[in-house]
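Please look through this protein model with the text below as a guide.

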Amino acid sequence: MKTSGIVVLSTLLLLIPLATSHPSEEAFVECLKNQASMSPKPISQAIFTPKSPEFVPTLFAYFRNSRFNTTTKRNPTAIITAMHETHVQATVICTKNHSLLLRVRSGGHDYEGLSYVSSEPFVILDLFNLRSIDIDIQAETAWVQAGATLGELYYSISQKSKVHAFPGGVCASVGTGGHFIGAGYGNLLRKHGLSVDNIIDAKIVDVNGKILDRKSMGEDVFWAIRGGGASFGVILSWNLKLVSVPDVVTFFRVEKALEEGAIDIVYKWQEVADKLPEDIFIRLQFQYRGAPVNKFKVAFIAQYLGKIETLIPMMNQQFPQLCLKETDCIETSWVETTLLWQEMDPKKTNLTELLNRNTYPAFGPSPFKVKSDYVKTSIPKLALEELWKKANQTGNLVMQWSPYGGKMSQIPESDTPFPHRAGYKFKIQYWYYVSETLVELQKVYDFMATYASQSPREAFLNYRDLDVGTNGNGCDPSVFGAKYFKGNFERLRKVKTEFDPDNFFRNEQSIPPLSA
Ligand SMILES: Cc1cc2nc3c(=O)[nH]c(=O)nc-3n(C[C@H](O)[C@H](O)[C@H](O)COP(=O)(O)OP(=O)(O)OC[C@H]3O[C@@H](n4cnc5c(N)ncnc54)[C@H](O)[C@@H]3O)c2cc1C
Ligand SMILES: *[C@@H]1O[C@H](CO)[C@@H](O)[C@H](O)[C@H]1NC(C)=O
Ligand SMILES: *[C@@H]1O[C@H](CO)[C@@H](O)[C@H](O)[C@H]1NC(C)=O
Ligand SMILES: *[C@@H]1O[C@H](CO)[C@@H](O)[C@H](O)[C@H]1NC(C)=O
Ligand SMILES: *[C@@H]1O[C@H](CO)[C@@H](O)[C@H](O)[C@H]1NC(C)=O
């Protein structure tokens, strides 16, 4: 009995590598070298395996959330830091051939680490070397490679023009690759919509390793990649339509504590923030301010596409409760507001700080977890008081409330996969610096169930949160599908089924093909 058991076992062991063609690292590297043999840049310089001395620093360079820094999840078979588009093509072909999972990383800001961790055997395709930015100011367009950051984009625009901008997020180190496939928004959204509302073409690598542009991928795929997430291919570059901004814009930041009437002012903000002229975007940021303030406060942080002389009368008329004064305001250029939004003083900070890929204070040792909500009707004052108390008690929660309205209300829900358009007052981001557990965050989120959007309780894809539902393990993907995409989920599944039927481009929250 024993002997035959061993015989069966050893036969099985012999068969396994053949049956599943499970890769050795060497075979995978060989495949890459073969596939990219015609590349003008040798791919060998872009390949890092666990044996390479630079493997660990390369892995951690864009490992932005230490919550996932566990020994079981951070073991890619290889990291390919593509230096040429052919390296991306080779990586797709060989990763597929060796039945590995592909994780594409542009800026590494995914809140759930989906661009750099996995418990399945995987490969990281890191795009930070592919970051050229080509601006045509006459045509008011730009081609941006996916590995460029938002800061690099904003800086490059400012070097060509003082009256052009691009609508995108606040944090300079965010990658344009991941940001735009998740729709991308920032403080220009009431005037100009989302990033994806201003994207006119793209270059992608499909599951067969082919490079396609808008024309060759077709309008359905071009629709899907503008907000549908990492399910369709690798984005190489985006073609952007720049927007116009005045040469002088106004920024302010006013903080209020509880005893300064914060609740009443927040209540009023809910009534007006989405109805004010689309030239103004006033975000609320609730957080504990350390020494010397030592208090939980709400900041009203705003950008106005105009001068102080027209801002103050407008505010006095439409939002007098904030008591905005001229001395609260700074007149500056659009690009300098991108520093101000990151709490950097343009008078003391060289604009080249936008090119610094490693400044954002959120990073470092603190692990974090994020959740999101959409709000359609004003939250009553009593509930605001209760929320204030709960948020203050966690000590570790930063809440951002971003107003909608303006351009957002004019774009139909089906124009892009991003469905949260007309009828939303604001979006909430709950950013929680994890101490020991997530219980405190969950308490706040549970409390907000009554006041947030319902059936489904919607969420924002770029604020990735695996709690809203995942693929696999018996989970129904239509659960997270409805929360992120509403009615657009079905169209995304159809596009996926045609374009990547075997589900090569997948993660815990990717669009599953219809057969799956
Ligand atoms: C500090 C901070 C501030 C933020 N502020 C904003 C904000 O103002 N507005 C906003 O909308 N969002 C904001 N976000 C969220 C951010 O937009 C998302 O996390 C976004 O996905 C990050 O893109 P990335 O390229 O940096 O991330 P990555 O982690 O590299 O990628 C995110 C996802 O996209 C996939 N992906 C990345 N590149 C490609 C590619 N080239 N082709 C195909 N798939 C790809 C990844 O596999 C992963 O699933 C912020 C995040 C942080 C950490
Ligand atoms: C991950 O943890 C290791 C220790 O296990 C540490 O050396 C490394 O700096 C950490 N990296 C990140 C990005 O958290
Ligand atoms: C991988 O490539 C080899 C050699 O080209 C081929 O024979 C094999 O079928 C491929 N396997 C997969 C899973 O694509
Ligand atoms: C900003 O930094 C760049 C590059 O280091 C330098 O050339 C430039 O003079 C600096 N500008 C200012 C205003 O200090
Ligand atoms: C906020 O939290 C601090 C520290 O836990 C506490 O002393 C204070 O009373 C709280 N304030 C409110 C309004 O809940």
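Helices (H or I, at least four residues) and strands (E, at least two) are DSSP runs, numbered from the N terminus. The place of proline 456 is in the loop between helix H15 (439–447) and helix H16 (477–485). The model is predicted, so local features need pLDDT of at least 70 and side-chain atom pairs count only at pLDDT 80 or more, while totals for chains, interfaces and linings use all residues. Residues are numbered from 1 along each chain as its sequence is written, chains are lettered from A and ligands numbered from 1 in the order in which they are written, and side-chain values use heavy atoms, with hydrogens and water left out.

Start with the backbone. Most peptide bonds are trans, and most residues other than glycine have a negative phi. The bond from serine 455 to proline 456 is cis, with omega near 0 degrees. Another cis peptide bond joins alanine 291 and proline 292, where omega is about 0 degrees. Proline 292 sits in the loop between strand E13 (280–289) and strand E14 (295–304).

Alanine 183 is not a glycine, yet its phi is positive, about 95 degrees. Alanine 183 is in the loop between helix H6 (176–181) and helix H7 (189–192). Is alanine 183 buried or exposed? Its relative accessibility is 0%, so alanine 183 counts as buried (buried means under 20% relative accessible area, exposed over 50%, partly exposed in between, with a 1.4 Å probe and protein chains only). Glutamate 343 also has a positive phi, near 60 degrees, and is found in the loop between helix H12 (334–340) and strand E16 (368–375). Glutamate 343 counts as partly exposed because its relative accessibility is 48%.

On a 1 Å grid over the protein atoms alone, a cavity is a set of points where a 1.4 Å probe fits but cannot get out; a pocket is an open set with protein on both sides within 12 Å along at least five of seven lines; lining residues have an atom within 4 Å of a point. Grid points are joined across faces, edges and corners, and a volume is the space filled by probe spheres set on the points. The structure holds 5 cavities of 30 Å³ or more, and the largest cavity has a volume of about 80 Å³. Of the 13 residues lining the largest cavity, Tyr154, Gly168, Gly169, Asn187 and Thr338 are the closest to its centre. Helix H12 gives the largest share of this lining, 3 residues. The second largest pocket has a volume of about 320 Å³. Among the 19 residues that line this pocket, the closest to its centre are Glu120, Asn471, Gly472, Asn507 and Glu508.

Finally, turn to two ligands. Ligand 2 is surrounded by Phe60, Phe63, Ser66, Asn69 and Arg74 (a residue is near a molecule or strand if one of its heavy atoms lies within 4 Å of it). The protein covers 45% of the 360 Å² of accessible area that ligand 2 has on its own (such areas come from the Shrake-Rupley method with a 1.4 Å probe; for residues, only the protein chains shown count as cover). Around ligand 5 are Leu258, Lys389 and Asn392. For ligand 5, the protein covers 38% of the 360 Å² of accessible area that the ligand has on its own.
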